[in-house]
Amino acid sequence: LSKPPLTGGPPIELDPESLETIGEYRMENLPKGAFFSAHPKEDHFTTDKGQGKTIFNNGLVIGPPMTLRLLRATEKEGVTNSRTLPMSALSFVHDFALTERYGVIFLNPYTVSYQDLLQGLVGTKALGMLYKWRPEDKTRIVVFDKETLEVIRDFRAPAMTFDHVINGYDLDEDRIRVQLLLHPSDSILDIEKGRHDMYQSTWTQTTLPTFHNIDITLGSSGSPPRVDTYEVSPLLSELPQINPRYTGARARWGYVNALKPLSDGALPGKLNAIGKIDLETGEFTVRGFGDHKYADEPIFVPKANAQAEVVMLYATQCRAMPCHDIAMPCHAMPCRSCPRLLLTRRHTRTRHKHTHTRTH
């Protein structure tokens, strides 16, 4: 969890049994000055014997010089390996993909220049206000080896922008598939304005992303890498999740927040429904929770006494009290009757599954 008032505060550790606050948490051996990005990935293919789970992530280092740190860590030892990736400008790096063999990072041309960064460092402008869309710089794609963090490919592709990766996996020895929610290219400037104040922004039909496959052919020393991009599902959505057991492998189902028309036919300015997408065919199902109830990110929770089955915990934010958390069986979505947990206090509006008030 992150400390209020913003989700960018230091991480807070909770007791997994009592949910009591233990205190601020800092990963062992995390390099000084490194951020730890919002979407770390647990590696289900690597076992560091006796060290618990293996986790990969990246973190911006706000310079000068501006760099991106690639990080490999274990539960017990903290960071066990890191590698620095130089950047010519400060990119907006929020998420990345992990496969069985590789990590894939997209540095989209939504950047802060060195000159503009000085305004942020001296405090004349908030950092988020300094990002600009520079499509002429194209999107930089970096593929690295998970074992060594060595960069395998570092190349440019046509400019694109997104916030969240659904999943990634190896197609064969030379090809990687990254599944993500790609913003429409003709609404980039509207998206940029929204990011300047993301906690107050609203989504529209012209700015919401849709599910795309990004197929990367690594190529060899004699042939350059190639990128093929195509839409799989037209569902307007954001904040994707899969069953985390399938991170880095081919998963069948993705779960997203989506827009569903209100009872008067109008579309809301906030995500108000949940969608289930077939990641192979692009077919989808959408279920809303009623007018003036808005979506938070889905969270997967293991179901008691059934290791292969999970339920999805889904929070709604309402115009007026009360609010509920909804436990929805993944295999039965949409369901007509879902268990609800009444929250006695209103959620603080946040991003990325963070709740800042005590609930009962």
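## Overall picture

Among contacts in the protein (heavy atoms within 4.5 Å) with a separation of 6 or more, 54% are between residues 24 or more positions apart. The model is a predicted one, so to speak of local features a pLDDT of at least 70 is needed, side-chain atom pairs count only at pLDDT 80 or more, and totals for chains, interfaces and linings use all residues. Residues are numbered from 1 along each chain as its sequence is written, and side-chain values use heavy atoms, with hydrogens and water left out.

There are two helices and 26 strands in the protein; these are DSSP runs numbered from the N terminus, with helices being H or I of at least four residues and strands E of at least two. Of the 360 residues, 48% count as buried, where buried means under 20% relative accessible area, exposed over 50%, and partly exposed in between (1.4 Å probe, protein chains only). The protein exposes about 17900 Å², and carbon and sulfur atoms supply 52% of that. These areas come from the Shrake-Rupley method with a 1.4 Å probe, and for residues only the protein chains shown count as cover.

## Two nonpolar cores

A nonpolar core here is a set of buried Ala, Val, Leu, Ile, Met, Phe, Trp, Tyr and Cys residues joined through side-chain atoms within 4.5 Å. The largest one has 23 residues, and the members that touch the most others are Leu60, Leu68, Met87, Leu90, Ile105, Leu107 and Tyr131. At least two residues of this core come from each of β4 (54-61), β5 (67-74), β9 (102-107), β10 (110-112) and β12 (139-145).

Take Leu90 as a case: leaving out residues up to four places away in sequence, Leu90 touches Leu60, Ile62, Met66, Tyr110, Thr111, Val112, Leu117, Leu127 and Tyr131. There's also a second, separate core of 18 residues, which includes Phe106, Met160, Ile176 and Ile216.

## The β14-β17 sheet

Next up is an open sheet of four strands, ordered β14-β15-β16-β17 and paired antiparallel. Strands count as paired if DSSP finds at least two bridges between them. β14 (162-170) and β17 (226-233) are the edge strands, each with a single partner, so one side of each has no neighbour in the sheet. From one strand to the next the twist averages 25°, using axes that are lines fitted to C-alpha atoms (for helices, over the stretch in contact) and angles that run from 0 to 180 degrees between N-to-C directions.

A hairpin of four residues leads from β14 to β15, and the two strands pair antiparallel over six bridges. Asn167 sits opposite Gln179 in β15. On to the next pair: β15 (residues 175-182) and β16 (residues 210-217) run antiparallel and are joined by eight bridges. Ile176 has Ile216 in β16 as its bridge partner, and both residues are included in the second core.

Within β18 (residues 237-241) lies Glu238, which is buried at a relative accessible area of 0%. Its side chain makes a polar contact with that of His164 at 2.8 Å; such a contact is a pair of N or O atoms within 3.5 Å, where within protein one must be able to donate a hydrogen and the other to accept it, and residues adjacent in sequence count only if both atoms are side-chain atoms.

At the other end of the order, β20 and β21 run antiparallel and share five bridges, with Lys276 opposite Thr285 in β21. Glu283 is in the loop between β20 (273-278) and β21 (284-288) and is exposed, at 56% relative accessible area. Glu283 touches Lys276, Ile277 and Asp278, not counting residues up to four places away in sequence. The C-alpha atoms of Glu283 and Ser233 are separated by 6.7 Å, though these residues are 50 apart along the chain.

## Positive phi values

Most residues other than glycine have a negative phi. Leu149, in the loop between β12 and β13 (151-157), has a positive phi of about 65° and is buried at 0% relative accessibility. Leu239, found in strand β18, has a positive phi near 55° and is buried too, with a relative accessible area of 13%.
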